[in-house]
Amino acid sequence: MQHASSQAFDGKAFVSTLTTSPGVYRYFNEDGELLYVGKASNLKKRVGSYFLKPRMEPRIAAMVAQIARAETTVTRTEAEALLLESQLIKVLKPRYNILLRDDKSYPYIYLSGSEDYPRLAFHRGARNQPGRYFGPFPSAFAVRESLNLMQKLFKVRQCEDSYFRNRSRPCLQYQIGRCTGPCVGLISVEDYRGDVRHAEMFLDGRSSAVIDELVDAMEQASAALNFERAAALRDQVAALRKLHAQNHVQGATADMDVIACRMEAGIVCVSVLFFRNGLSLGTRDFYPRLPLDPEPADVLAQFIAQYYLDRLVPREIILGEDVADAQLLSEMLAQQCGHAVEIKTRVRGDRAQFLQMAERNAQASLTSRIASRQTLGTRFEDLRNLLGLDEPPRRIECFDISHTRGEATVASCVVFGPEGPEKSHYRRFNISGITPGDDYAAMHQALTRRFRKVAEGEGARPDVLLIDGGSGQVAQALDVLGELGVTGIEVVGVAKGPGRRAGEETLILASSHREIHPGPSSPALHLVAAVRDESHRFAIRGHRKRREKARERSVLEDVQGVGARRRTALLKAFGGLAGVEAAGVEELMQVKGIDRGLAERIYGALHV
């Protein structure tokens, strides 16, 4: 590794020391902050382009003017340099690089192994259990929809093993024709294995082969005069053919991703359309950070390099733009995944249609995001005017308290910025050592714990502090800030209006001792209400978790209309509370005694 550092960085002198080998270069400012990471097939030539050219684009010149130190790492090949660059960008997040922000892992369908009666299940995380994993799917919704479908078509169990082993009679899934009752031996291991094999074939994309086998079985059952069995197989074949016609995309290869990019108003959307085993698995949109003003081809190149670092790589990647170093990217990905990878940009036929689909999706998502951001910007500007601030707030924090008759008190702190909610900065505070039900003491404790760090020079300072409550809660906030010597924060109380009607809230401004009523048409109040509601939701969820942990009591007990009998029926039907939480309204309605209204209340209580 080579270094260069001085108060006035001499780029030309640094370039003269470089090798012509491939490698990675990094630029730092005088505070040691990493500005940019780049790769080069020839370090001397590439780095020299920043310091030896008489003129540069303004965006590049702005970065070069900040360089106080440079480092290089020599690699054996350009492919190694590309891989190292991608890893450094993802881990170190340089200011001037295109940065893909995505921390979620993709979900899979898991088929357990070794048991006589394997089960299908939703899975996200490490794939280290015996069995098979099918996917990845673009979203949890896609997995749950697929599992719901599999249960109808092949009747392979999806219940937890602990639930399965302790059954003495068939569950509701058997009663409604979605399970064959393996828990009580109503189907032989051999027949069940046949259903599992068909489910595997279907998930592998071999639905045509499944249909052919079922048709043969139907004809054999009919010839043997087993008409009931033949009718069941006929319905299964019809359902499979209908699904095959809806979901199978002719022309898609076994594994293919189609990626389109659209840019507008300083925002970029990258939309990925997934195909696995000839089936379309839907799309997923990404919004990489854009510190500069790159071309779509630059975004796609950086996106691919970072995106596939820790994901399964398909055999084909279809792009809407020609990217530099496409061959190099292909080699890097092939080296990583162990099979050939083709990157294509000029496509015809079905692939061209897939690309158009991805481009339309990217444009629609981008338009929606721009509209949302413009709305948010309008609200922040209106809040500035309403509160008389010099500029729109960059950080808003809101505190709320939640408890049940003083039990398991939890305070929440949510954070909003110009981009919307900043969930990585959310915090909960478990309140203790106070008189149960004393909201003032709870607020005082939470604010003290939060702003003590600010007083010590740690943590971000909000521009606006919202307190869910009236003048008494606002007084607690002022007391805490005064005790800690924290100044420069606009404290605003959010008091509910008459009848607790939305849009009639009163804002209590601590700095001017005024009360204002913005009214239901105020964009500023819309923003305040959104932040307050998010804080309320976050507090309630934390309180319920703490309360359940403390007394092992089901949240279902808080739902009006759900008594012991219905609660037991729900838990038995779905294999526990986790299964009830995963169920939709229509599934909940399948339990005896639960109509749509009650199902909607249960769903709402579990998804606050």
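This is a predicted model: local features need pLDDT of at least 70, side-chain atom pairs count only at pLDDT 80 or more; totals for chains, interfaces and linings use all residues.
## Helix α12 and what follows

Helix α12 covers residues 326-337. Its twelve residues reach 16 Å from first C-alpha to last. That is close to the 16 Å expected at 1.5 Å a residue.

Which residues of α12 are buried? They are L328, L329, S330, M332 and L333. The buried residues of α12 pack against several elements. Two are helices, α4 and α11 (296-307). The others are β3 (34-40), β11 (316-319) and β12 (342-344).

## Where α4 meets α12

Two packed helices are described by the angle between their axes and the distance between the axes. For α4 (residues 78-92) and α12, the angle is about 75° and the axes lie 9 Å apart. That angle makes α4 roughly perpendicular to α12.

On the α4 side, the contact uses E78, A79, L82 and L83. On the α12 side, it uses L328, L329, M332, Q335 and Q336. Six of the contact residues are nonpolar, two are polar and one is charged.

## A three-stranded sheet

Elsewhere, three strands form an open sheet in the order β6-β5-β7, with antiparallel pairing. Strands β6 (120-124) and β7 (131-134) stand at the edges. Each has a single partner strand, so one side of each is left without a neighbour in the sheet. From one strand to the next, the twist averages 35°.

Strand β5 (residues 107-112) pairs with β6 over five bridges. In one of them, Y108 has H123 in β6 as its partner. Helix α5 (residues 140-153) lies across β5 and β6. The helix α5 runs at about 170° to β6.

Conventions. Residues are numbered from 1 along each chain as its sequence is written. Side-chain values use heavy atoms; hydrogens and water are left out. Axes are lines fitted to C-alpha atoms, for helices over the stretch in contact, and angles run from 0 to 180 degrees between N-to-C directions. Helices (H or I, at least four residues) and strands (E, at least two) are DSSP runs, numbered from the N terminus. Angles under 35 degrees count as roughly parallel, over 145 as roughly antiparallel, 65 to 115 as roughly perpendicular and the rest as oblique. Contact means heavy atoms within 4.5 Å. Ala, Val, Leu, Ile, Met, Phe, Trp, Tyr, Cys and Pro count as nonpolar, Asp, Glu, Lys and Arg as charged, and the others, Gly among them, as polar. The expected span of a helix is 1.5 Å times one less than its number of residues. Buried means under 20% relative accessible area, exposed over 50%, partly exposed in between (1.4 Å probe, protein chains only). Two strands pair if DSSP finds at least two bridges between them.
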